[in-house]
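Trainee: I am new to this structure. Can we go through it by asking what each label rests on?
Mentor: Good plan. Have a look first.

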Amino acid sequence: MAHSGAPMGAAGVVPADGATCRAAWLCLGVGAGEGTCCCFWEPLEELGLYGFEAALIPVLSFEFVSLQTFFEKLSHPDSYEGLIFTSPRAVEAAKLCLGENSKNEAWRNSLQEKWNTKSVYVVGKATASLVEEIGLAPQGEKCGNAEKLAGYICASMQKSFNEGETPNSSPLLFPCGSLKREVLPTVLKEKGISLESLTVYQTAQHPSLQESLKNYFSQQGIPASITFFSPSGVRFCLQHIQKFSGDFINQIKFAAIGPTTAEAMEAEGIPVSCTAENPTPQDLAAGIKKALHL
């Protein structure tokens with residue numbers, strides 16, 4: 001399955017021989033942070049053994065905002081208990097903050113070390129890898145969603161308290177997107193853990209989404225499987241998929257990268273054929289193969 005030059009963001013799979021079994025994945029990872037989708041290629045390419053071929057379709061576009069404010073907050077690590085990153089895009093915003101030479105120098109000379117004395121919580125391996133790239137040590141990466149991470153944070157802070165550390169009233173800094181769910185802030189608030197949220201990117205439908213899906217369906221036909229990578233992907237894609245698949249939509253096996261996305265799909269009346277056990281490429285590929293009886 002050649003994929004060089006393929007647009008990042010959504011993956012579709014069509015058989016090279018033009019047979020009727022086709023699979024598609026619709027995911028998030030366009031604009032800044034495109035590379036976060038690359039890790040899904042190798043395990044998904046295993047489906048090539050069964051006659052499938054991957055194709056990517058952009059689903060979302062991102063606009064970074066409040067970067068100067070974000071850097072000002074990053075410049076005062078003593079004002080915070082730690083950091084929370086629940087998406088690769090939030091880390092990309094941090095990278096952009098540090099892009100100027102003077103800011104990058106300040107980060108490397110002192111700020112990075114100070115933040116590393118604090119906890120940096122993340123969701124997923126992709127986010128963790130990007131956090132490591134800016135010199136921080138992530139924890140909680142095995143948490144598959146924000147709700148699980150909230151539980152991890154509460155347990156971690158309770159453990160520190162039990163070990164004799166003085167409770168800190170400083171908030172955790174939470175750079176996030178405009179469409180963030182309120183699960184994590186709500187759970188932390190209920191546990192008395194202070195949180196300071198800052199919107200650092202805005203999410204919108206990718207301008208070429210409808211045309212890309214139209215071209216896919218007209219050229220490749222009905223896919224055997226579609227996997228959503230976020231509730232936003234469901235929101236932006238579903239009406240187009242329903243339009244272009246018509247009465248054949250019941251033939252498609254729908255899959256989710258995790259439980260939060262699965263809930264969004266079910267809320268829209270989409271039957272979920274499989275949910276990846278963990279939000280990893282390997283688990284996603286395994287779930288799709290099982291759903292397609294490969």
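Trainee: What makes β4 and strand β9 (residues 195-205) a pair?
Mentor: This is a predicted model. Two strands pair if there are at least two bridges between them. β4 and β9 have five bridges, in the antiparallel sense. That count meets the cut-off, so they are called a pair.

Trainee: How do the side chains along β4 point?
Mentor: They alternate. L60, F62 and F64 point to one face and are buried.

Trainee: What else does β9 pair with in the parallel sense?
Mentor: Strand β8 (residues 172-177) pairs with β9 in the parallel sense, over six bridges. Within that pairing, F174 has S197 of β9 as its bridge partner.

Trainee: Why is the pairing in the sheet called mixed?
Mentor: Look at the two pairings of β9. The one with β4 is antiparallel. The one with β8 is parallel. Six strands form this open sheet, in the order β4-β9-β8-β5-β6-β7, and its pairing is mixed.

Trainee: What makes β4 and β7 edge strands?
Mentor: β4 (60-64) and β7 (138-139) each have a single partner strand, so one side of each has no neighbour in the sheet.

Trainee: How do you know that β5 and β6 pair?
Mentor: Count the bridges again. Strand β5 (residues 82-85) and strand β6 (residues 119-122) share four, in the parallel sense. At least two are needed, so the pair holds. I84 stands opposite Y121 in β6.

Trainee: Which helix packs on the sheet, touching β5, β6 and β7?
Mentor: Helix α5 (residues 125-133) does. Its direction makes about 145 degrees with that of β6.

Trainee: Why does N145 count as buried?
Mentor: Buried means under 20% relative accessible area. N145 has 9% relative accessibility, so it counts as buried. N145 is found in the loop between β7 and α6 (146-162). Leaving aside neighbours within four places in sequence, N145 is in contact with V123, P259 and T260.

Trainee: What makes a set of residues a nonpolar core, and which residues have the most contacts inside the largest one?
Mentor: The members are buried nonpolar residues joined through side-chain atoms within 4.5 Å. The largest core has 50 residues, and F70, F85, F228 and F254 have the most contacts inside it. Another core lies apart from it, with 14 residues, among them I84, C143, L172 and I193.

Trainee: How much of the whole protein counts as buried?
Mentor: Of its 294 residues, 48% do. The protein has 11 helices and 12 strands.

Definitions and conventions. Residues are numbered from 1 along each chain as its sequence is written. This is a predicted model: local features need pLDDT of at least 70, side-chain atom pairs count only at pLDDT 80 or more; totals for chains, interfaces and linings use all residues. Side-chain values use heavy atoms; hydrogens and water are left out. Buried means under 20% relative accessible area, exposed over 50%, partly exposed in between (1.4 Å probe, protein chains only). Contact means heavy atoms within 4.5 Å. Axes are lines fitted to C-alpha atoms, for helices over the stretch in contact, and angles run from 0 to 180 degrees between N-to-C directions.
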